[in-house]
Amino acid sequence: MEVKAKKYLGQHFLNDLGIAERISNTITPSVMTPVLEIGPGMGVLTQFLLRNPNIDLTAIEIDTESVVYLKNHYPSLKIIEGNFLKLDLNRIFGDKEFCVIGNYPYNISSQIFFKVIENRDRIPICSGMIQKEVAERIAAKHGSKTYGITSVLLQAYYDIEYLYTVNENVFTPPPKVKSAVIRMTRKENNIVQCDEKLFFKVVKTAFNQRRKTMRNSLKSLLPSHDLNYDIFNLRPEQLSVVDFIELTNLVQQILSQPPQR
């Protein structure tokens, strides 16, 4: 008995075994490594991950029907029924590092990646399939129209590889959009050289008014200060990740000064 795809969960089951095997090969550990698969569905990717002797696989699946299917077809699989966004990773992996992989639900993929950022000290690699538009946004470089909040924040901590595009006809049911496979590999130096909370705030505030210059978009953070610096004449998509880090340090410096009257 197959699992029926549920629209409210954003389920589109991959039915191409060749692509599933290629996705499984985006994580190739040389030693035994814990791996978390998000949203295994009917296990098309799971079966290849289970065959890798260096992968210690755990899967998390929110759909009860899929959980029953997986338990019946992959009895050796360690599976958690639940929502990854609410999952206590310490309970599952303790203080160990682990990789993340999946054919991610398109409706929550960005939230999944933000949780990966929060746990980047323990997640060296995150790979899998997402909506093509989101993949392009994540991999976009500054100067691009698709460059935005997720581009900056993920690229600050991970090297992003857009691996390949996947057509709609390899899914059941076919989605209305193309998909893409990406791999994010944690940077060796994954600590931004600025106040991290302020960095997130600056990036989000800037792109929330992306058509404005930094001088206008950051007024809410610096309402009574003179922003007489060249960088404030630029729009957010013109700033690289390094520029945003420098901008955050400048904002912190300005905030430490008394406001002008």
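Student: Which residues is Ile-160 in contact with, leaving aside neighbours within four places in sequence?
Tutor: This is a predicted model. In it, Ile-160 is in contact with Ile-138, Ala-139, Leu-154, Gln-155, Arg-183 and Met-184, once its neighbours within four places in sequence are left aside.

Student: Which strand is Ile-160 found in?
Tutor: Strand 7, which covers residues 158-166.

Student: Is Ile-160 buried or exposed?
Tutor: Buried. Its relative accessible area is 19%. Buried means under 20%, so Ile-160 falls within that class.

Student: And how far apart in space are Ile-160 and Thr-150?
Tutor: They are 11 Å apart, C-alpha to C-alpha. Along the sequence, 10 residues separate Ile-160 and Thr-150.

Student: Let's zoom out. How many helices and strands does the chain have?
Tutor: The chain comes to 10 helices and 9 strands. Its C-alpha trace spans about 70 × 40 × 30 Å along the principal axes.

Student: What percentage of the residues in the chain are buried?
Tutor: Buried residues make up 51% of the 261 residues.

Student: Charges next. How many positive and negative ones are there?
Tutor: There are 32 positive and 27 negative charges. The mean positions of these two sets are 6 Å apart.

Student: Which ring does the charged end of Lys-204 sit over?
Tutor: The ring of Phe-114. The charged end of Lys-204 is 5.7 Å from the centre of that ring.

Student: And what does Lys-115 lie over?
Tutor: The face of Phe-84, at 4.9 Å from the ring centre. Phe-84 is also one of the contacts of Lys-115, along with Leu-85, Lys-86, Leu-87 and Leu-89, if neighbours within four places in sequence are left aside.

Student: Where does Lys-115 lie, and is it buried or exposed?
Tutor: Lys-115 lies in helix 5, residues 109-118. Lys-115 is buried, with a relative accessible area of 10%.

Student: How far is Lys-115 from Gly-143?
Tutor: Their C-alpha atoms are separated by 26 Å. Along the chain, Lys-115 and Gly-143 are 28 residues apart.

Student: Back to rings. How many aromatic pairs does the structure hold?
Tutor: It holds 6 aromatic pairs. One of them is formed by Phe-207 and Phe-244. That pair is tilted, with 5.7 Å centre to centre and 35° between the planes.

Student: Why does that pair tie together separate parts of the sequence?
Tutor: Because Phe-207 lies in helix 8 (residues 196-207) and Phe-244 in helix 10 (residues 241-255). The parts tied together are 37 residues apart in sequence.

Student: Are Phe-207 and Phe-244 buried or exposed?
Tutor: Both are buried.

Student: What about the rings of Tyr-229 and Phe-232?
Tutor: Their centres are 6.1 Å apart and their planes are at 55°, so that pair is tilted. Tyr-229 counts as partly exposed, at 31% relative accessibility. Phe-232 is buried, at 0%.

Student: Which residues do ring pairs link into a cluster?
Tutor: Tyr-147, Phe-207 and Phe-244.

Student: You mentioned helix 10. Where is Thr-248?
Tutor: Thr-248 is in helix 10. Thr-248 is buried, with a relative accessible area of 0%. Leaving aside neighbours within four places in sequence, its contacts are Cys-194, Asp-195, Leu-198, Phe-199 and Val-202.

Student: How far is Thr-248 from Ser-24?
Tutor: They are 38 Å apart in space, C-alpha to C-alpha. In sequence, Thr-248 and Ser-24 are 224 residues apart.

Student: Last topic, helix 2. What does Thr-46 touch?
Tutor: Thr-46 touches Glu-37, Pro-40, Leu-57 and Leu-77, not counting residues up to four places away in sequence. Thr-46 is in helix 2, residues 46-51. At 0% relative accessibility, Thr-46 counts as buried.

Student: And Gln-47, buried or exposed?
Tutor: Gln-47 counts as buried, at 18% relative accessibility. Gln-47 lies in helix 2 as well. Its contacts are Leu-17 and Tyr-74, leaving aside neighbours within four places in sequence.

How values were computed
Residues are numbered from 1 along each chain as its sequence is written. This is a predicted model: local features need pLDDT of at least 70, side-chain atom pairs count only at pLDDT 80 or more; totals for chains, interfaces and linings use all residues. Side-chain values use heavy atoms; hydrogens and water are left out. Helices (H or I, at least four residues) and strands (E, at least two) are DSSP runs, numbered from the N terminus. Buried means under 20% relative accessible area, exposed over 50%, partly exposed in between (1.4 Å probe, protein chains only). Contact means heavy atoms within 4.5 Å. Lys and Arg count as positive and Asp and Glu as negative; His and the chain ends are not counted. The place of a charge is taken as NZ of Lys, CZ of Arg, CG of Asp or CD of Glu. Rings of Phe, Tyr and Trp (its six-membered ring) pair if their centres lie within 6.5 Å; planes under 30 degrees apart count as stacked, over 60 as edge-to-face and the rest as tilted. A charge sits over a ring if NZ of Lys or CZ of Arg is within 6 Å of the ring centre and within 35 degrees of the ring normal.
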